[in-house]
Amino acid sequence: MIAYVVRRVGGGIGVLFAVALVVFVLFEALDSDAATVILSRAGGGDPTPEQLAALRTELGLDRPAPVRFADWLIAFGQGDFGNSLISGRPVADVLLGRATNSVALALITAALLIPASLVLGLLAGARAGSRTDRVISVGALAAESVPSFVFGVLLVATVSLSLHLLPAVSLLPTGASVWGRPEILVLPVACLLIGLAPHPVRMVRAQTAEVMASPYIKTVRLNGIGGPRLMLRHVAPNAVSASIHPLAGSVVGLIGGVAVVETLFSYPGLSQELLRAIEARDFPFVQSAAVLLAAVGIVVYLLADLLTLLVSPRARQVAVGDRI
């Protein structure tokens, strides 16, 4: 088990290095850099070559690309994310302030997404072919077929603009805590749930229906076990263990979903700051944010793997046998 975790962690570090390298190469391929953006904004016109050369030297952009990448990589490995090329503030401070709001949105969504997906999937799969199953399956398929931002627009149009129940945008004063205005989270969370829940619901439903039709469950029923005891002790553990990775995929999907929702509802999260940093060619901020977001996805999948090993004897046997 320890060897398996070490291999997965090593693979994750390799993925993070690849992400950092790809982001760096894409930044180098852009037609301008932070010096060009800063001087264009300050002067309102095209900067002179002398001005560009002086500012690039000041920002360290005149050094060879491999040297800059190596310097950033070493500093990042030591926990130093560097300073923003635009504002001069430590990248860690900017990330912490913005990421806190994004994390709050993601945590609330995940806390609702996982139990809702499990309950709906188990309910539909346990009664495969019934009216309940058809309603849940058709609803999940319909929701999965429509982009989440479309539901966001519809929620704003109905709940906010027509019924005036909730704010249409999730604005937050600078320095204020999102927990002080929970009403601004309702529509973004609802939009994320509608967009992310259908896939795991369908996966859990499929696994539950398969377990219910297995000879094992038929034998259990012949022994007089049914009702909640059958579901909780025999069906749910087997169905859920096979659905852990689809659920993990939906949690990782929150990274992209949150970015869309934050833009749609003007929510003051990390995505807005990241878009501004890309526009301003702020390499240290974009590079650090991209690697940290990739790390979140890797950690979620690693936890899903470990949870699968804990609940599935077969998966443990394969991992220990070094065949993964």
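Colleague: In which hand does α5 pass α8, left-handed or right-handed?

Modeller: This is a predicted model. In it, the crossing of α5 with α8 is right-handed.

Colleague: At what angle do the axes of α5 and α8 cross?

Modeller: Helix α5 covers residues 91–126 and helix α8 covers residues 183–196; their axes cross at roughly 50° and come within 10 Å. Angles under 35 degrees count as roughly parallel and 65 to 115 as roughly perpendicular. The pair α5 and α8 is therefore oblique.

Colleague: Which residues of α5 and α8 meet?

Modeller: From α5 come L105, I108, T109, L112 and L113. On the α8 side they meet L185, P188, V189, L192, L193 and L196. By class, the residues of this contact of α5 with α8 are ten nonpolar, one polar and no charged.

Colleague: With which residues is D133 in contact, leaving aside its neighbours within four places in sequence?

Modeller: D133 is in contact with A124, R127, A128 and R205.

Colleague: Where does S160 lie, and what does the side chain of S160 reach?

Modeller: S160 is a residue of helix α7, residues 148–162. Its relative accessibility is 5%, so S160 also counts as buried. The side chain of S160 reaches the backbone oxygen of L166 at 2.9 Å. Not counting residues up to four places away in sequence, S160 touches L155, L165, L166, P167, A168 and L187.

Colleague: Where is S266 found, and where is the place of R281?

Modeller: S266 sits in the loop between α12 (244–264) and α13 (270–279). R281 is in the loop between α13 and α14 (283–311).

Colleague: How do S266 and R281 count by relative accessibility?

Modeller: The cut-off for buried is under 20%, and partly exposed runs from there up to the exposed class, over 50%. At 29% relative accessibility, S266 is therefore partly exposed. R281 has 18%, so R281 counts as buried.

Key
Residues are numbered from 1 along each chain as its sequence is written. This is a predicted model: local features need pLDDT of at least 70, side-chain atom pairs count only at pLDDT 80 or more; totals for chains, interfaces and linings use all residues. Side-chain values use heavy atoms; hydrogens and water are left out. Axes are lines fitted to C-alpha atoms, for helices over the stretch in contact, and angles run from 0 to 180 degrees between N-to-C directions. Helices (H or I, at least four residues) and strands (E, at least two) are DSSP runs, numbered from the N terminus. Angles under 35 degrees count as roughly parallel, over 145 as roughly antiparallel, 65 to 115 as roughly perpendicular and the rest as oblique. A crossing is left-handed if the near helix is turned anticlockwise from the far one by less than a right angle, and right-handed if clockwise. Contact means heavy atoms within 4.5 Å. Ala, Val, Leu, Ile, Met, Phe, Trp, Tyr, Cys and Pro count as nonpolar, Asp, Glu, Lys and Arg as charged, and the others, Gly among them, as polar. Buried means under 20% relative accessible area, exposed over 50%, partly exposed in between (1.4 Å probe, protein chains only). A polar contact is a pair of N or O atoms within 3.5 Å; within protein, one must be able to donate a hydrogen and the other to accept it, and residues adjacent in sequence count only if both atoms are side-chain atoms.
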